[in-house]
Amino acid sequence: LGGVLNIALDLVFVLVCRWGVEGAAWATVISQLACVAVSVWYMARNYPEFRFRAAELRPERDKLRLCLKMGLPTTLQQLVVTSGHLFFQRLINGFGEVTMAAWTVGHRYDLYCSVPVMGMMQAMASFAGQNVGANRYDRVKRGLRAAVVLDLAIVLILGVVLRAFAAPLSALFGVEGKAQAQAVECLRFLSWCYPIFAVYLPFNGMYQGVGDPAASAAGSLIALSVRVAGSYLLVYCFNWDYHAIWTPYIPGWSAALIFVLIHYFRGGWKKHSLVRGAPKEG
């Protein structure tokens with residue numbers, strides 16, 4: 001609902017109402033609020049155990065410690081990622097309005113194409129947490145393989161669509177001329193990055209689910225650091241043009257993928273579990 005509504009409102013606010021960047025911002029806010037409202041309504045309607053009263057909002061110390069243990073690494077990760085994006089945006093702004101418009105289009109479609117992969121990551125987090133708690137590592141591995149295969153199938157289709165329809169898709173945002181040409185280049189390049197991204201994210205979700213948020217945060221920070229540092233290096237040391245904005249995506253996601261694979265095969269994630277049950281065969 002949030003993704004579809006965001007796209008629809010983007011088209012209405014930007015193309016019809018001509019609100020520009022402000023319209024895109026309002027589309028994002030409204031779609032997210034709608035997503036929250038529907039989620040809360042659905043949860044309360046279908047799951048009585050999730051309904052609560054104001055008097056029940058009292059923290060329990062053990063649960064609070066667990067929330068802090070799981071939440072602080074992710075919170076720090078988001079703070080660093082947000083700061084990194086600010087540096088990244090500063091670099092983009094230095095190329096002028098044409099590149100800014102092109103990147104806005106490319107980044108928007110990048111977010112849309114990431115939605116199913118991010119959903120798979122969250123599914124993997126829940127699946128891994130339940131099965132590690134029951135000592136069913138065999139099922140975690142099978143689930144991980146299935147998630148990677150499904151992700152790859154999804155992004156291969158999305159990549160073909162992006163490459164084939166990059167020009168008309170970018171035109172939907174009202175860009176033309178040089179801005180549209182750069183947006184087409186960006187979309188077609190990003191389509192090559194998605195297979196790496198699709199393999200990396202299920203591992204990231206698994207680490208979150210088993211209670212190893214530090215590994216998940218480290219992978220994200222590695223990807224961002226390589227991308228931002230790589231872009232600045234290409235621009236200020238090798239005098240690259242706007243291609244430096246998206247070229248480091250491949251080495252960034254590749255570095256993160258290598259890290260999560262090494263952590264996986266070392267087996268350190270097996271030592272983490274929020275709730276551990278009795279061992280089971282199979």
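So, what is the mean pLDDT of this protein chain, and what share of its residues reach 70 or more? This is a predicted model, and the mean comes out at 89, with 96% of the residues at 70 or more.

Okay, on to the inside. The largest nonpolar core has 62 residues, and Trp103, Phe203, Met206, Tyr207 and Trp269 have the most contacts inside it. Helices giving two or more residues to this core include α3 (61-93), α4 (97-133) and α5 (137-164). The top contributor is α7, with 18 residues. Let's zoom in on phenylalanine 203: leaving out neighbours within four places in sequence, Phe203 is in contact with Leu144, Val148, Val260, Leu261 and Tyr264.

Now look over at asparagine 6, in helix α1, which covers residues 2-16. Is asparagine 6 buried or exposed? Its relative accessible area is 7%, so asparagine 6 counts as buried, the cut-off being under 20%. Not counting residues up to four places away in sequence, asparagine 6 touches Ala27, Thr28, Ser31, Arg108 and Tyr112.

Last stop, the surface. There's a nonpolar patch here with about 890 Å² of accessible area together, and its members include Leu1, Trp41, Met43 and Phe50. You'll find phenylalanine 50 in the loop between α2 (20-46) and α3. Phenylalanine 50 has 44% relative accessibility, so this residue counts as partly exposed.

Note on methods: Residues are numbered from 1 along each chain as its sequence is written. This is a predicted model: local features need pLDDT of at least 70, side-chain atom pairs count only at pLDDT 80 or more; totals for chains, interfaces and linings use all residues. Side-chain values use heavy atoms; hydrogens and water are left out. Helices (H or I, at least four residues) and strands (E, at least two) are DSSP runs, numbered from the N terminus. Buried means under 20% relative accessible area, exposed over 50%, partly exposed in between (1.4 Å probe, protein chains only). Contact means heavy atoms within 4.5 Å. pLDDT is the predictor's confidence in each residue, from 0 to 100. A nonpolar core is a set of buried Ala, Val, Leu, Ile, Met, Phe, Trp, Tyr and Cys residues joined through side-chain atoms within 4.5 Å. Patches are made of residues with over 30% relative accessible area and no salt bridge: like charges are joined within 9 Å, nonpolar side chains (Val, Leu, Ile, Met, Phe, Trp, Tyr) within 5 Å. Accessible areas come from the Shrake-Rupley method with a 1.4 Å probe; for residues, only the protein chains shown count as cover. A salt bridge is a side-chain nitrogen of Lys or Arg within 4 Å of a carboxyl oxygen of Asp or Glu.
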